[in-house]
Amino acid sequence: QHFWRYTADEYGWIPEERIRRDFGPADLAPLIREAGIDGVVAVQARTAPEENGFLLRHAAEHDWIKAVVGWVDLTRADAAEAVGALAGRPKLRGLREVLQGMEDDAYCLREDFNRGLRALHEFGLTYDILIFHRHLPNAAELVDRHPGQVFVLDHVAKPEIREAVPDKAWTAGMRALGERENVYCKISGMVTELRGREDWDAALLRPYFDVALEAFGPRRLMFGSDWPVCLLRSGYARWAEAVRGFTAELSEDEQAEVWGGAACRAYGIEG
C-alpha cells in the first residue's frame with residue numbers, strides 16, 4: 001500500500017480526481033482492522049529521495065507499518081553508497097523503481113541500473129519489480145543476472161483484463177518468472193487493470209489468481225492491497241474479501257503464507 005500528500009507536480013501519474021488527495025496512516029488504520037490485517041508494507045509512490053524519509057517517519061510512528069520499500073536512482077554513479085546509507089534505517093526493507101513508466105522497455109537491463117541493483121544483495125534488501133505484462137521477458141533476464149537477490153513482482157505484472165480468460169503471453173511470462181525461486185509475487189493491482197469495463201467480480205479475476213498460484217505457489221504469493229490506488233475500482237474490504245475467496249481452498253498453512261508468511265520472508269519482517 002501507499003501513502004502520499006498529494007501535489008500535481010509530484011504525483012502526476014495519479015489518473016483520477018477521486019484519489020487526488022492526501023492518504024495517510026489515519027485513513028488506512030480502520031480499513032486494515034476491518035479486513036483483519038495486522039501489518040502492512042508501505043511502498044514508494046514517487047521517485048524522489050524525500051519519499052524514503054516520508055515513509056520511514058510513518059513507520060516509526062506506527063507499529064503496524066512493518067516495512068518500507070523506498071526509492072533510489074540505481075543508475076547514479078554512487079548508487080551503492082546511497083543504498084548503503086538507507087540500508088541501516090529501521091524498517092527499510094527494499095527498493096523499487098517505476099520501470100513501467102520508463103520510455104525504454106529494456107531499462108531494467110541497462111548496465112548502470114544493474115550495477116546499482118547489485119548493491120541491494122550486499123545489504124540484504126529486496127527489490128520490487130513494477131512492470132506491465134509486456135516487460136515480463138526482460139524481467140526474467142533481469143532476475144537471471146542476480147540469482148542471489150530477492151525480488152517481488154508487483155501487481156501480477158499488470159495484465160490487461162477484459163474477460164476471464166488470461167492472455168497467453170502473460171500466462172507464459174508469469175510461469176517463466178515463477179520458475180525463478182528467488183521471485184515472489186503480490187496478488188494486487190488487478191482491479192485497476194480492467195479494460196472496457198468499470199466493475200468486476202471474483203469470477204472475472206479468479207483465473208488470473210490461478211495463473212499466479214500455479215506459477216509461484218503459495219509460499220511465494222502475498223496479498224497486496226495497492227491502496228489507495230485500488231479505490232479507483234474497489235474498496236479495501238471488497239478486495240481483501242475477494243482474495244480470501246481465492247485462497248479459501250488452500251490449506252491452513254498455505255493461506256498463512258499468502259496472508260503474511262511470504263511477505264515476512266521476502267522482506268525480512270520478524271514476527
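Helices (H or I, at least four residues) and strands (E, at least two) are DSSP runs, numbered from the N terminus.

This is a predicted model, where local features need pLDDT of at least 70 and side-chain atom pairs count only at pLDDT 80 or more, while totals for chains, interfaces and linings use all residues. Residues are numbered from 1 along each chain as its sequence is written, and side-chain values use heavy atoms, with hydrogens and water left out.

**Stop 1: helix α1**

Select residues 25-35, which form helix α1. Which residues sit on the face of α1 turned away from its buried side? They are the exposed residues Ala26, Arg33 and Glu34. Now colour the buried ones: Pro25, Leu28, Ala29, Ile32 and Ala35. These cover an arc of only 140 degrees around the axis, so they are on the same side of α1 (the arc is that of the directions from the helix axis to the C-beta atoms). An α-helix has 3.6 residues a turn, so residues three or four places apart point the same way.

Contact here means heavy atoms within 4.5 Å. Just after α1, stop at glycine 36, which takes a positive phi of about 75 degrees.

**Stop 2: helix α6**

Next, select residues 168-178 for helix α6, where Trp170, Thr171, Gly173, Met174, Leu177 and Gly178 are buried. Looking down the axis of α6, you find its buried residues within an arc of 165 degrees, so they line one face of the helix. On the face turned away from that buried side, Lys168 and Ala169 are exposed. The cover over the buried residues of α6 includes α5 (136-144), β5 (151-153), β6 (183-187) and α7 (202-216).

Zoom in on the N-terminal end of α6, which aspartate 167 caps: one of its side-chain oxygens lies 3.0 Å from the backbone nitrogen of alanine 169.

**Stop 3: the loop between β5 and α6**

Select alanine 157 and lysine 158, both found in this loop. Most residues other than glycine have a negative phi, and most peptide bonds are trans. Alanine 157 has a positive phi near 65 degrees, and lysine 158 has a positive phi near 50 degrees. Alanine 157 is buried at 0% relative accessibility, and lysine 158 is buried at 13%.

Glutamine 100 is buried, with a relative accessible area of 18%. Leaving aside neighbours within four places in sequence, glutamine 100 is also in contact with residues including Leu130, Phe132 and His135.

**Stop 4: the pockets**

A pocket is, on a 1 Å grid over the protein atoms alone, an open set of points where a 1.4 Å probe fits, with protein on both sides within 12 Å along at least five of seven lines; lining residues have an atom within 4 Å of a point. Grid points are joined across faces, edges and corners, and a volume is the space filled by probe spheres set on the points.

The second largest pocket holds about 460 Å³ of space. Of its 21 lining residues, the closest to its centre are Trp13, Val98, Gln100, Leu130 and Lys158.

How much space lies in the largest pocket? About 620 Å³. Of the 31 residues lining the largest pocket, select those closest to its centre: Ile37, Gly39, Val40, Phe223 and Ala263. Helix α9 gives the largest share of this lining, seven residues.

**Last stop: a cis peptide bond**

Finish at tryptophan 227 and proline 228, joined by a cis peptide bond with omega about 0 degrees. Proline 228 is found in the loop between β7 and α8.

Technical notes. Buried < 20%, exposed > 50% of the residue type's maximum accessible area, 1.4 Å probe, protein only. Polar contact = N/O pair within 3.5 Å; in protein donor to acceptor, adjacent residues only side chain to side chain.
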